[in-house]
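Open the model in your viewer and colour it by chain. This tour tells you what to select at each stop and what is there.

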Amino acid sequence: MIPLAHFLIISAILFCIGLYAVLSKKNAIQVLIGIEFMLNAGILNFVAFSKYDRINSGGQVFALFAIVLAAASVAVALAIILNVYKKYNTIDPSKINELRD
Amino acid sequence: MEAVEPQKYVLLALVAVLLPFCAFIRLLLAKNTSGSAFYAITGISLSFIISIFIFSNTWNEQFIHQQVDWFTIGGTTFRVGILINNLSVLMMVLVTGISLLVHVYSIAYMKKDPLIHRYWGYLGLFCAAMLLLVMADNLLVLYMAWELVGFSSYLLIGFWFTKDAASQAARKAFIMNRIGDIGFLIGLFILYTQFGTLDIQKLFGQDGLVLSATVHSDLWISSINQMPATWLTIAGIAFFMGAVAKSAQFPLHTWLPDAMEGPTSVSSLIHAATMVAAGVFLVARIFPLFNDTVLLVITITGLFTALMAATIALTQNDIKRILAFSTISQLGFMMLAMGIGAVDGGIFHLATHAFFKCLLFLAAGALIHALAHLKEKDDLDFDIQDIRNMGGLRTLMPVTFYTMLVASIALIGLPLTSGYLSKDAILIRAFEWAESKALIFTIVPYTALLVSWLTAFYISRLIFKVFFGKWRLQKGFKNIFTLHDSPAEMKYPMIILAVCCLFPLFSSNPLLFETSWILNGFHGTNSLQRVNAYHTIIPAAVNTISIMVMYICYRWYVKPGYSIANNNLLYRFSENQWYFNCIYDVLVVKPVNTFAKAIFWFERKVVDGLVNLTGRAGLLFSAISAWVDEYIIDAAVNNLALLAKKIGDFTRHFQTGRVQHYLVTMLLFVLTVFVLKYFSQLL
Amino acid sequence: MSLLSILIFMPLIAGLIILILPSSFQQKFKYVTLLITILQLLISGFIYFQFDPSVAGVHLESQFQLVEKLAWIRLDLGSGGKLEIDYFLGIDGLSMPFLFLTSLVMAVAVLASWEIKTNLKAFFALFLLLDAAIMGVFCALDFFLFYIFYELMLLPLYFLIGMWGGVRREYAAIKFFLYTLFGSVFMLLVIIGLYFSVINPATGNHTFNMITMMDPANFVQGSIFSIAANQELFGVPARLLAFIVLFIAFAIKVPIVPLHTWLPDAHVEAPTPVSIILAGILLKIGGYGILRICFSMFPDAASQSSWWLGLIGVISIIYGALNALAQTDLKRLIAYSSVSHMGFVLLGIASGTVEGTSGAMLQMISHGILSAMLFYLVGMLYERVHDRDIYSFRGLATLMPAFTVFIMIAFFASLGLPGFSAFIAEAFTLIGAFSSESVNGWLPRWMAIGGSIGILLSAAYFLWTLQRMFFGQTRLKGGTDWALQLSDVNLREKFALVPLAIMALILGILPSIAFDKMNTSVIEFVRFITLKQ
């Protein structure tokens, strides 16, 4: 039996990779990938912790729910990226600073 | 009939005043200046005729007094009118008569002057004012006339206004007279306050208010008011001050010699015969006011002036100045007479003096006129008024010589002349007066005697130097100068005046002044009887010594061989007129001017300086508050805003508009919160 | 609408009309103004003849003449009662003579305005505004109304001096404005204090009615200015303090030494017509204010301080005369002579006698006429050669004989030659001052004697000037150029000067034409202020 701590460590590593990608990548697609990493780290945690709720399996249900949400948000995000590309001819997030004003 | 009669005289008197005044009005209004002499002379002749008429009907009659309302101030109504009594009718005749003669004289004397129409106008103003002065029944009106004669005298002294000396003399005369006028005015205040009226008849008539007021334990009490008794003395002195200035008495006499800058005809009329006598007239008019102290002051002033002016006249060389000082001296005599209570004698002397002094001036004018002609014709340069340039003129100008001689004899007071009568009247009264007083007062009559001998000397000197000996101007010139007697317009007035200088006009008996009708016309004198020896001794003594003096004078000035040291101290003292002009200049004129300048400095620097300082202090204060406002109060507000801006500037750095930066920030915050939470739990 | 309102509003309306008219008409403006002033002169002449000399006025509202009383501002203040400000005009013997004087001097000032060449529209509009305000001051019987007119005068004067004046005009204008404002601001405080102290017995409201303020019965018990209450402010009795404040406000206008220094500057820098108005009328407002307001409202304080007022009067007389003696600028000399002559006014009023007060009234009228004449004459000289220095001229009498005649008339009249108005006026102020010690004990006798020295000094400075400038051989600083420019008096100038000379002469010979109309009022005034309360 794999101890819970291993799952959590993997999850933390995944989350950190995702976070790094989100914060430092110069490509919006890569940022999106980073977000997916972080989401999956969360989902992994849900699944890991669902062992404490064997009757209702709340963790797993929530994981499924989150996967669906993630798929939806990727779709939305990709759409945004496309539009951003259309408008700015780039998808480098460091070059888009319209939020400033 | 009784009721109508007085009004008639009053109206006539008014006409007499207005006629000469018309000449002045004409000067102001008329464009056409020719014929002004005609108007002036017609006016004054009519005035003269009217005066004679009034005189002949009212002399020694009941006085006539008519009034109309003038103006009302508070509860007091000032009434103005005409008071005709012996004093005023006598003066009227005197003024108009002499004026008429001088007017006629002036036709020739002023002939060539381009501004002669002004001369006639000014003379008219003078005559009107003088007549008003003698007839006024109210001291306020009298004061007005008083100043108006001063004003016309100002105009006439300054008649040749392009000459600096003339305009300065005019100013001096007016200001000197103003000093006296202030006194007169103060006298008016006192009388008005004390009695509530300025009516001469009410104040000084029989049973007048002044006489009924009493002095009681240092209080001067009238029916309506009371004030300390000093004010009675002050009132007397104040009025006398007016008389002092007008009659050129010490210490306000210095204007009269300077006034000789005017035309000689003017000097004879105004500054010898009439206006200067107004002071004596005033003293006579208000005589009841004077108490013993004031009378003594009047006596001493008159005596001192008579002596001083006589000593000055001894050494003058300007013919008009000699006569001017002689006038001052004689006026001093009149004042002396007033002071010793001999009002009648003073007025008598005033009348006789008017004729002979007027004549002396007219004769001097004739000389000057002739010499001026000569100077102009031969283009010479010499002083036409200096007696050192004359001499031996009796053969060249016989009429002038004889008339002037008569006048001089009258001035000396030799028998058969008018001067003999009037001068004796005063001298004898002076001796009688002194007799009733302490011994010290005998100085007064003896000094008066001395003055009359000095008079004999200076006038003899004049006559001898001008008419006897050799004509000194001739020396050094080859061609023979000639002079002629004056034209008829000048000659006849002089002859008429010369006749008037003799006794018949004044007294039936040439030797006894007591028979003079003028003296008898003024009542209240008790010494017309020949009560004592003075009445015989004095005239004899005076005249004997006078003749001796004249002889000495003849020896000195006509016979060669005698010469007088003319540079010793006394001589220079006299020649420089006792240095009065210098003293006044140093003691009064300069200090007043300096004081005025100092006051102006004070005004500029202190008073105005204070105002400007207040202004500047205000500016300074506002500058300070502006600084405070800008750098402290406004700065506080600004700094607050600046702080907000700085904070904003600082925080806006976080807002880069880049998603990733935001996320980093978010992360940092979360981490911070987490760390804090963690460590706070730990603690 | 009474004649008084016409007097006030006619010039105001004419001024507005001038403002509306296009500038192309500007050569006509002076004729419009002249017409208005002549109409005013006719109206005030009519008022003079209609005036009933038998009723007094002063503190009796029913005896005022040509009264016009309209409710103007009525503001309900709730618990504070009702604000009661009236449009209240009326005249008595103390104010009527000034209406005539104002009209006369204004007419002369218009004739003197012919020399003004720039910005005529503004000049004449301001001129007419000034005219209206001055008329208003003399007619107003409501203190609030009075104050409005009083302040309204300052505005046009400031601009008239500041815009058309001489070299230092701005300094002079500001000095004049601030000085006068200084006085009147404090006056406002007293007005407000009086307002809260006085109740109109008819309505029960506080009021600004001046006549109501004169009656001690109308004061609220215990109020600040009530006589009975004897309140103190800063350790000084409140009524005395109020009197002093009001006195200073008006004394600045008179002016008295040492509050006079605005006068020489303002008079010298102002253009001729404004100098004429300043000396001719403005100074009289000070004297009028002292009579109408200071003495009438605070007779008790007046009797307490009369000694000081008399002293100030004497000092003004002598100080002004000495300063005049030291001047080299002719206009400045005349300005200082004004200080000296207005000192007589104060001395006469302070005497508290009928003679003194009548004399002071006549002196104000006489000085109005004579100073207008004097300033006009100086203005004529300045207009011709732009110099006023006494030492620049000599022997003008040969060059300008008619001008010299007028100058001599003005000088001799001013120095108190009998036959001219100033003599009667000065003589009676001094008689009043002298008799004061016997009559009411207000002034010691020496003050009258001190004042008479001023008469002597005035002779000195006027005659000296006459001798220096007009007599002697002709010698001018500007040489032959000046001799050509110095033309004699022309017809228009004669037209302005002759009426003034004649007025001075008539008043001097027949003072009754002035005294008769004001005698009743003066007697009542003197009775009222010397009443023991």
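Two residues are in contact if their C-beta atoms, placed from the backbone, lie within 7 Å. Keep that cut-off in mind for the chains of this predicted model.

**Stop 1: the chains together**

Show chains A and C. No contact joins them. Their closest C-alpha atoms lie 55 Å apart. Which chains share the most contacts? Of the 2 pairs of chains in contact, it is B and C.

Now show chains A and B. Here 8 residues of chain B are in contact with 8 residues of chain A. On the chain B side, the residues that touch chain A are 3 nonpolar, 4 polar and 1 charged.

**Stop 2: chain A as a whole**

Hide the other chains. Chain A has 3 helices and 0 strands. Along the sequence the pattern reads α-α-α. The radius of gyration of chain A is 17 Å, well over the 13 Å that the globule rule gives for 101 residues, so the chain is more spread out than a compact globule. Of the 101 residues, 15% count as buried. Take the contacts in chain A between residues at least 6 apart in sequence: 44% of them join residues at least 24 apart.

**Stop 3: helix α1 of chain A**

Select residues 4-24 of chain A. This is helix α1, with 21 residues. From first C-alpha to last it reaches 30 Å, close to the 30 Å expected at 1.5 Å a residue.

Which residues of α1(A) are buried? Pick out A:Ser11, A:Leu14, A:Gly18 and A:Val22. Look down the axis of α1(A): its buried residues fall within an arc of 75 degrees, so they line one face of the helix. An α-helix has 3.6 residues a turn, so residues three or four places apart point the same way.

What covers the buried residues of α1(A)? Bring chain B back. The cover includes α2 (28-49) of chain A together with α24 (659-682) of chain B.

**Stop 4: a strand pair in chain C**

Go to chain C and select residues 65-76, strand β1. Of its 12 residues, the number buried is 0, so the strand lies largely in the open. Finish at C:Asp76, whose bridge partner in β2(C) is C:Lys82.

Conventions: Residues are numbered from 1 along each chain as its sequence is written. Chains are lettered from A and ligands numbered from 1 in the order in which they are written. This is a predicted model: local features need pLDDT of at least 70, side-chain atom pairs count only at pLDDT 80 or more; totals for chains, interfaces and linings use all residues. Ala, Val, Leu, Ile, Met, Phe, Trp, Tyr, Cys and Pro count as nonpolar, Asp, Glu, Lys and Arg as charged, and the others, Gly among them, as polar. A residue is buried if 20 or more other C-beta atoms lie within 10 Å of its own, exposed if 12 or fewer, and partly exposed in between; C-beta atoms are placed from the backbone. Helices (H or I, at least four residues) and strands (E, at least two) are DSSP runs, numbered from the N terminus. Two strands pair if DSSP finds at least two bridges between them. The expected span of a helix is 1.5 Å times one less than its number of residues. The arc is that of the directions from the helix axis to the C-beta atoms. The radius of gyration is taken over C-alpha atoms; the globule rule is 2.2 Å times the number of residues to the power 0.38.
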